[in-house]
Amino acid sequence: MAKINEEIFKNVISHAKEYGFVFQSSEIYDGLSAVYDYGQLGAELKNNIKTYWWKAMVQMHENIVGLDSAIFMHPKVWKASGHVDGFNDPMIDNKDSKKRYRADQLLEDKIAAYEAEGEKLKAESLQTEMDNALKAEDLPRLKELIEEHKIVCPFSKTANWTDVRQFNLMFATQFGAMAEGSEEVYLRPETAQGIFVNFLNVQKSGRMKIPFGIAQIGKAFRNEVIARQFIMRMREFEQMEMQFFVRPGTEMEWYNKWKETRLKWHLALGTNPEKYKFHDHAKLAHYANAAVDIEFEFPFGFKEVEGIHSRTDFDLSQHQEFSGKKMQYFDPEVDEETGKPYGNYIPYVIETSIGLDRFFLVTLINSFEEQDLSTEDKQDSRSVLKLHPALAPYKAAILPLTKKDGLPEKAREIMDQLKLDFNMAYDEKDSIGKRYRRQDAIGTPFCITVDYDTLTDNSVTIRHRDSMTQERVAIQDLQKIIGDLVSWKNLLS
């Protein structure tokens with residue numbers, strides 16, 4: 001089973017490059033580790049995922065608004081947030097291979113191996129031991145567990161390990177024209193702090209009342225020492241985050257609401273619910289009083305895609321202390337128990353944070369299929385991306401049957417009508433069968449074939465990607481047919 005899953009993952013990565021979804025960054029210079037570029041189709045799919053999140057988060061909620069904060073922030077922001085002193089991963093080196101690993105990931109891989117071998121008790125025991133060591137920040141114990149469970153380096157095959165130590169993940173750079181006397185700033189390791197420092201700006205300018213949320217999509221940067229599994233863990237990545245500000249004492253109610261709301265967003269795309277699960281954090285971050293991951297079953301096991309955290313009033317309180325500016329909200333609502341207004345307080349925060357790149361990978365894995373279409377008479381197969389029509393890079397492809405006799409001109413005429421509303425592809429090269437296969441491989445939901453009958457009756461053949469069925473329709477009906485099937489309403493409702 002593991003080998004099959006590994007093969008599927010390799011095929012997805014290969015497919016992503018071959019069809020212009022994801023490329024290795026700076027590939028002509030042998031690449032830059034853990035940095036990727038999104039190709040022509042990847043950029044479209046990524047933008048559509050962003051649109052789906054933004055519409056679901058902002059457009060569908062009257063009390064949630066958007067923000068686009070800068071990547072560079074005042075250095076004190078990261079001191080206040082705890083990133084300067086506490087944004088670390090437990091690292092361990094193998095002395096023979098000179099390779100560096102995250103200690104917790106080595107242990108997680110061993111737990112997954114135990115589970116695959118049916119050693120459930122061993123897996124549970126190691127999980128508990130690791131969680132306890134992480135919670136206590138007991139680095140020597142992490143090394144002991146690696147040694148006790150005979151974990152070896154995949155390259156050297158030896159267990160000649162260094163001690164475990166902490167490694168800060170932030171990228172630092174110089175801010176200013178001159179190197180001398182310039183200020184050290186950081187590339188942001190998360191987008192959340194841009195929301196917190198703008199809390200009062202948004203609240204006052206937007207006349208927002210608690211509870212309300214601020215959503216943001218943006219780049220973040222982490223100096224991941226262990227970067228692996230394609231776009232799963234990168235040094236430059238994108239986050240879709242929403243910070244929801246609530247009255248203290250109501251945070252657990254909102255925390256549970258957002259857990260369910262966010263899982264529904266994932267499942268609306270038609271994913272098998274068994275592919276998702278909640279994983280409660282054993283070790284809470286310094287700012288949280290509750291935290292859960294929405295995990296997806298990748299070919300290499302269940303991994304986090306989205307986190308929901310109850311961050312208490314930590315962030316706003318810290319920024320109030322470090323900046324000297326009040327981060328309080330005046331709540332005129334009346335407390336039913338005391339009969340008095342709630343008055344001034346620092347709101348609590350529920351955070352939903354999803355990695356855009358990870359969800360992009362989830363989308364590819366979920367939709368990729370290799371189908372054997374062979375019959376007794378001939379061998380045949382196809383690779384297809386069964387993307388939800390709303391997410392597909394192209395909504396439809398216009399295919400003239402031949403490159404002569406006025407068919408391309410008629411096809412272009414239809415193309416010009418439809419491209420005002422939909423992102424369209426046009427293809428007249430190769431046989432019609434090969435063109436169908438090419439559109440299947442990039443996830444185009446519909447192919448519209450313009451043939452000789454089209455010139456006389458103004459009808460075309462529309463072919464559906466998933467079923468491969470074809471139907472004859474009038475050109476004048478194409479707008480509505482495509483529009484109904486690719487509409488965001490199908491997801492948002």
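Mentor: Strands here are DSSP runs of E, at least two residues, numbered from the N terminus. The model is predicted.

Trainee: In which strand is arginine 102 found?

Mentor: Arginine 102 lies in strand β5, residues 100-102.

Trainee: Is arginine 102 buried or exposed?

Mentor: Buried means under 20% relative accessible area. Arginine 102 has 12%, so it counts as buried.

Trainee: Which residues does UniProt list for "binding site"?

Mentor: The unreviewed entry lists Arg102, Glu190, Phe237, Glu238, Gln239, Met240, Glu241, Glu351, Thr352, Ser353, Ile354 and Gly355. They spread over 254 residues of sequence and, in space, up to 25.8 Å between C-alpha atoms.

Trainee: Where is glutamate 190, and what does it touch?

Mentor: Glutamate 190 sits in the loop between β8 (183-186) and α8 (192-197). Its relative accessible area is 7%, so glutamate 190 is buried as well. Leaving aside residues up to four places away in sequence, glutamate 190 touches Trp78, His83, Ala220, Arg222, Gln239 and Arg311. Its side chain also makes a polar contact with the side chain of glutamine 193, at 2.8 Å.

Trainee: How many residues does helix α10 have, and what should they span?

Mentor: Helix α10, residues 251-267, has 17 residues, which at 1.5 Å a residue should span 24 Å. The end C-alpha atoms are 24 Å apart, so the two values agree.

Trainee: Which residues of α10 are buried?

Mentor: An α-helix has 3.6 residues a turn, so residues three or four places apart point the same way. The buried residues of α10 are Glu251, Trp254, Tyr255, Trp258, Lys259, Arg262, Leu263, Trp265 and His266. They cover an arc of only 165° around the axis, and therefore lie on the same side of α10.

Conventions. Residues numbered from 1 in each chain as written. Predicted model: local features only at pLDDT ≥ 70, side-chain atom pairs only at ≥ 80, totals over all residues. Heavy atoms only, no water. UniProt positions renumbered as here; feature names shortened; annotations may be inferred. Helix = DSSP H or I, 4+ residues; strand = E, 2+ residues; numbered from the N terminus. Buried < 20%, exposed > 50% of the residue type's maximum accessible area, 1.4 Å probe, protein only. Contact = heavy atoms within 4.5 Å. Polar contact = N/O pair within 3.5 Å; in protein donor to acceptor, adjacent residues only side chain to side chain. Expected span 1.5 Å × (residues − 1). Arc of directions from axis to C-beta.
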